[in-house]
Amino acid sequence: MSFKKNKYCIIKEAIPKDIAEFVYNYFLMKRKVLQTMIEKRYISTFSDEWGKLEGDDQAPNSYSHYADIAMETLLTRCLPIMEKTTKLKLFPTYSYARIYKTGDVLKRHKDRFSCEISTTMNLGGDPWCIYLEPKKNVGIPDNKKITAFSKNKGIKVILKPGDMLVYKGMELEHWREEFQGDNCCQVFLHYNNQNSKNANKNIYDQRKHLGLPAWFKK
(Lines give C-alpha, C1' and ligand atoms only; values in the text may rest on other atoms or scores of the structure.)
Protein backbone atom coordinates (compact mmCIF):
# COMPACT_ATOMS: atom_id res chain seq x y z
CA MET A 1 0.00 0.00 0.00
CA SER A 2 1.42 3.37 -1.02
CA PHE A 3 1.30 6.04 1.69
CA LYS A 4 1.92 8.76 -0.88
CA LYS A 5 -1.06 7.65 -2.98
CA ASN A 6 -3.55 6.67 -0.25
CA LYS A 7 -2.43 9.04 2.55
CA TYR A 8 -2.50 6.13 5.00
CA CYS A 9 -1.00 2.68 5.51
CA ILE A 10 -0.83 -0.07 8.13
CA ILE A 11 2.42 -1.25 9.70
CA LYS A 12 2.13 -4.72 11.19
CA GLU A 13 4.20 -5.32 14.35
CA ALA A 14 5.74 -1.87 14.33
CA ILE A 15 6.96 -2.93 17.77
CA PRO A 16 7.16 -6.54 19.04
CA LYS A 17 4.06 -7.83 20.83
CA ASP A 18 5.95 -8.36 24.10
CA ILE A 19 7.03 -4.70 24.16
CA ALA A 20 3.45 -3.62 23.42
CA GLU A 21 2.23 -5.80 26.30
CA PHE A 22 4.89 -4.35 28.63
CA VAL A 23 3.94 -0.75 27.81
CA TYR A 24 0.22 -1.60 28.09
CA ASN A 25 0.65 -3.03 31.61
CA TYR A 26 2.87 -0.12 32.58
CA PHE A 27 0.17 2.36 31.53
CA LEU A 28 -2.57 0.41 33.34
CA MET A 29 -0.48 0.51 36.51
CA LYS A 30 0.18 4.23 36.06
CA ARG A 31 -3.56 4.88 35.87
CA LYS A 32 -4.12 2.83 39.03
CA VAL A 33 -1.42 4.78 40.88
CA LEU A 34 -3.05 8.07 39.88
CA GLN A 35 -6.48 6.82 40.98
CA THR A 36 -5.10 5.87 44.41
CA MET A 37 -3.24 9.14 44.90
CA ILE A 38 -6.38 11.11 44.04
CA GLU A 39 -8.55 8.98 46.34
CA LYS A 40 -6.08 9.51 49.21
CA ARG A 41 -5.88 13.21 48.32
CA TYR A 42 -2.14 13.24 47.80
CA ILE A 43 -2.63 15.12 44.52
CA SER A 44 -5.43 16.86 42.63
CA THR A 45 -7.29 15.38 39.67
CA PHE A 46 -4.58 16.39 37.18
CA SER A 47 -0.84 15.86 37.16
CA ASP A 48 1.74 16.56 34.46
CA GLU A 49 3.67 13.57 35.78
CA TRP A 50 0.82 11.09 36.11
CA GLY A 51 -1.74 12.22 33.50
CA LYS A 52 -5.49 12.91 33.57
CA LEU A 53 -8.27 10.66 34.82
CA GLU A 54 -10.91 13.09 33.62
CA GLY A 55 -9.72 12.78 30.03
CA ASP A 56 -10.00 15.49 27.39
CA ASP A 57 -12.48 16.96 24.90
CA GLN A 58 -12.25 13.96 22.58
CA ALA A 59 -12.57 11.26 25.25
CA PRO A 60 -14.02 12.64 28.52
CA ASN A 61 -13.37 10.55 31.64
CA SER A 62 -10.83 8.29 29.96
CA TYR A 63 -7.29 8.24 31.32
CA SER A 64 -4.84 10.09 29.07
CA HIS A 65 -1.34 11.50 29.15
CA TYR A 66 0.51 13.98 26.94
CA ALA A 67 4.21 13.15 26.57
CA ASP A 68 4.50 10.19 28.91
CA ILE A 69 8.22 9.38 28.83
CA ALA A 70 7.73 5.75 27.78
CA MET A 71 5.47 6.88 24.94
CA GLU A 72 7.95 9.58 23.91
CA THR A 73 10.57 6.81 23.74
CA LEU A 74 8.28 4.92 21.33
CA LEU A 75 8.01 8.14 19.32
CA THR A 76 11.77 8.09 18.68
CA ARG A 77 11.97 4.30 18.30
CA CYS A 78 9.35 4.36 15.54
CA LEU A 79 10.89 7.30 13.65
CA PRO A 80 13.04 5.14 11.30
CA ILE A 81 10.16 2.87 10.32
CA MET A 82 7.91 5.91 9.88
CA GLU A 83 10.40 7.54 7.53
CA LYS A 84 10.86 4.30 5.59
CA THR A 85 7.10 3.81 5.24
CA THR A 86 6.18 7.38 4.30
CA LYS A 87 9.39 8.06 2.31
CA LEU A 88 9.57 11.39 4.14
CA LYS A 89 12.12 12.94 6.47
CA LEU A 90 10.23 13.64 9.68
CA PHE A 91 10.51 15.72 12.82
CA PRO A 92 8.98 14.11 15.94
CA THR A 93 6.47 16.37 17.68
CA TYR A 94 4.73 14.58 20.58
CA SER A 95 3.04 11.45 21.87
CA TYR A 96 -0.39 11.12 23.45
CA ALA A 97 -1.75 7.96 25.06
CA ARG A 98 -5.23 6.95 26.25
CA ILE A 99 -6.95 4.03 27.90
CA TYR A 100 -10.44 4.04 26.43
CA LYS A 101 -13.35 2.64 28.42
CA THR A 102 -16.78 1.15 27.69
CA GLY A 103 -19.04 3.56 25.82
CA ASP A 104 -16.31 5.86 24.54
CA VAL A 105 -16.75 7.40 21.10
CA LEU A 106 -14.12 9.24 19.09
CA LYS A 107 -15.94 11.74 16.89
CA ARG A 108 -14.97 12.41 13.28
CA HIS A 109 -12.21 14.97 13.24
CA LYS A 110 -9.02 16.21 11.64
CA ASP A 111 -5.89 17.16 13.55
CA ARG A 112 -3.68 20.17 14.14
CA PHE A 113 -0.34 20.85 12.46
CA SER A 114 1.72 18.90 15.01
CA CYS A 115 -0.22 15.80 13.92
CA GLU A 116 0.52 16.26 10.19
CA ILE A 117 1.83 12.69 9.94
CA SER A 118 0.00 10.75 12.63
CA THR A 119 -0.09 7.22 13.92
CA THR A 120 -2.28 5.28 16.28
CA MET A 121 -0.68 2.17 17.77
CA ASN A 122 -2.58 -0.57 19.59
CA LEU A 123 -0.83 -1.42 22.86
CA GLY A 124 -3.37 -3.83 24.31
CA GLY A 125 -6.84 -4.47 25.69
CA ASP A 126 -10.03 -5.28 23.81
CA PRO A 127 -10.08 -4.74 20.02
CA TRP A 128 -11.60 -1.51 18.73
CA CYS A 129 -11.57 -0.53 15.07
CA ILE A 130 -10.74 2.93 13.74
CA TYR A 131 -12.26 4.46 10.60
CA LEU A 132 -10.64 6.68 7.99
CA GLU A 133 -12.24 8.83 5.31
CA PRO A 134 -9.73 8.93 2.43
CA LYS A 135 -12.02 10.75 0.01
CA LYS A 136 -11.80 14.49 -0.51
CA ASN A 137 -14.38 16.39 1.52
CA VAL A 138 -15.66 19.23 -0.63
CA GLY A 139 -15.90 22.55 1.18
CA ILE A 140 -13.95 21.43 4.25
CA PRO A 141 -10.68 23.32 4.80
CA ASP A 142 -7.66 21.07 5.21
CA ASN A 143 -5.55 23.61 7.09
CA LYS A 144 -7.67 24.07 10.21
CA LYS A 145 -8.27 22.05 13.33
CA ILE A 146 -11.94 21.24 12.83
CA THR A 147 -14.50 18.56 13.33
CA ALA A 148 -15.43 17.54 9.81
CA PHE A 149 -18.43 15.48 8.79
CA SER A 150 -19.15 13.51 5.65
CA LYS A 151 -21.73 10.86 4.83
CA ASN A 152 -19.19 8.30 3.69
CA LYS A 153 -18.80 5.21 5.85
CA GLY A 154 -15.02 5.27 5.52
CA ILE A 155 -12.46 2.49 5.70
CA LYS A 156 -12.47 0.20 8.74
CA VAL A 157 -9.08 -0.70 10.22
CA ILE A 158 -8.49 -3.28 12.96
CA LEU A 159 -5.11 -3.27 14.70
CA LYS A 160 -3.55 -5.93 16.91
CA PRO A 161 -1.15 -5.05 19.75
CA GLY A 162 2.04 -3.68 18.21
CA ASP A 163 0.35 -2.73 14.92
CA MET A 164 0.24 0.88 13.82
CA LEU A 165 -1.95 2.88 11.44
CA VAL A 166 -0.11 5.79 9.77
CA TYR A 167 -2.21 8.55 8.22
CA LYS A 168 -2.20 12.21 7.28
CA GLY A 169 -3.99 13.55 10.31
CA MET A 170 -4.66 17.04 8.93
CA GLU A 171 -6.19 15.73 5.72
CA LEU A 172 -8.13 12.57 6.57
CA GLU A 173 -11.14 12.43 8.84
CA HIS A 174 -10.76 9.66 11.40
CA TRP A 175 -13.05 8.37 14.13
CA ARG A 176 -14.13 5.42 16.26
CA GLU A 177 -17.67 4.22 16.96
CA GLU A 178 -18.92 3.33 20.43
CA PHE A 179 -16.51 1.05 22.29
CA GLN A 180 -18.09 -2.17 23.57
CA GLY A 181 -15.08 -3.55 25.46
CA ASP A 182 -13.61 -2.79 28.89
CA ASN A 183 -10.22 -1.24 28.10
CA CYS A 184 -8.36 -0.34 24.93
CA CYS A 185 -4.96 1.33 25.16
CA GLN A 186 -3.74 3.36 22.19
CA VAL A 187 -0.76 5.65 21.79
CA PHE A 188 -0.67 8.38 19.16
CA LEU A 189 2.75 9.23 17.76
CA HIS A 190 2.92 12.49 15.83
CA TYR A 191 5.40 13.91 13.33
CA ASN A 192 5.89 16.74 10.85
CA ASN A 193 7.21 16.46 7.32
CA GLN A 194 10.55 18.29 7.47
CA ASN A 195 9.73 19.97 4.16
CA SER A 196 6.44 21.44 5.40
CA LYS A 197 6.25 25.17 6.04
CA ASN A 198 7.26 26.06 9.63
CA ALA A 199 8.04 22.42 10.47
CA ASN A 200 11.50 23.42 11.72
CA LYS A 201 9.82 25.77 14.22
CA ASN A 202 7.53 23.04 15.53
CA ILE A 203 10.01 20.32 16.49
CA TYR A 204 8.86 18.45 19.65
CA ASP A 205 5.59 20.42 19.50
CA GLN A 206 7.62 23.53 20.40
CA ARG A 207 9.17 21.99 23.51
CA LYS A 208 12.91 22.03 24.24
CA HIS A 209 13.10 18.23 24.03
CA LEU A 210 10.89 15.16 24.27
CA GLY A 211 9.42 14.12 27.62
CA LEU A 212 8.53 17.63 28.75
CA PRO A 213 4.89 18.46 29.62
CA ALA A 214 2.75 20.70 27.47
CA TRP A 215 3.39 23.83 29.53
CA PHE A 216 7.02 23.76 28.30
CA LYS A 217 5.84 24.85 24.86
CA LYS A 218 7.00 28.25 23.64
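Asp163 is buried, at a relative accessible area of 3%, where buried means under 20%, exposed over 50% and partly exposed in between, with a 1.4 Å probe and protein chains only. The model is a predicted one, in which local features need pLDDT of at least 70 and side-chain atom pairs count only at pLDDT 80 or more, while totals for chains, interfaces and linings use all residues. Residues are numbered from 1 along each chain as its sequence is written, and side-chain values use heavy atoms, with hydrogens and water left out.

Asp163 sits in the loop between β9 (155-157) and β10 (164-167); strands (E, at least two residues) and helices (H or I, at least four) are DSSP runs numbered from the N terminus. A polar atom of the Asp163 side chain lies 2.8 Å from the backbone nitrogen of Glu13. Apart from neighbours within four places in sequence, Asp163 is in contact (heavy atoms within 4.5 Å) with Ile11, Lys12, Glu13, Thr120, Met121 and Asn122.

Glu173 belongs to strand β11 (residues 173-176) and is also given an accessibility class in the table. Asp48 is placed in the loop between β2 (46-47) and β3 (51-52). Not counting residues up to four places away in sequence, Asp48 touches His65, Pro213 and Trp215. The C-alpha atoms of Asp48 and Tyr94 are separated by 14 Å, the two residues being 46 apart along the chain.

Two side-chain pairs are listed as polar contacts, meaning N or O atoms within 3.5 Å; within protein, one atom must be able to donate a hydrogen and the other to accept it, and residues adjacent in sequence count only if both atoms are side-chain atoms.

| Residue | Relative accessibility | Side-chain polar contact |
|---|---|---|
| Glu173 | 0%, buried | Arg108 side chain, 2.7 Å |
| Asp48 | 35%, partly exposed | Trp215 side chain, 2.6 Å |

Two packed helices are described by the angle between their axes and the distance between the axes. The axes of α2 (residues 17-39) and α3 (residues 69-77) come within 11 Å and cross at roughly 155°. That crossing makes α2 roughly antiparallel to α3, the term for angles over 145 degrees. The crossing of α2 and α3 is left-handed. In α2, Ile19, Val23, Tyr26 and Phe27 meet Ala70, Met71, Leu74 and Arg77 of α3. The residues of this contact of α2 with α3 comprise 7 nonpolar, no polar and 1 charged.

Methods
Axes fitted to C-alpha atoms, helices over the stretch in contact; angles between N-to-C directions. Parallel < 35°, antiparallel > 145°, perpendicular 65-115°, else oblique. Left-handed = near helix turned anticlockwise from the far one by under 90°. Nonpolar A, V, L, I, M, F, W, Y, C, P; charged D, E, K, R; others polar.
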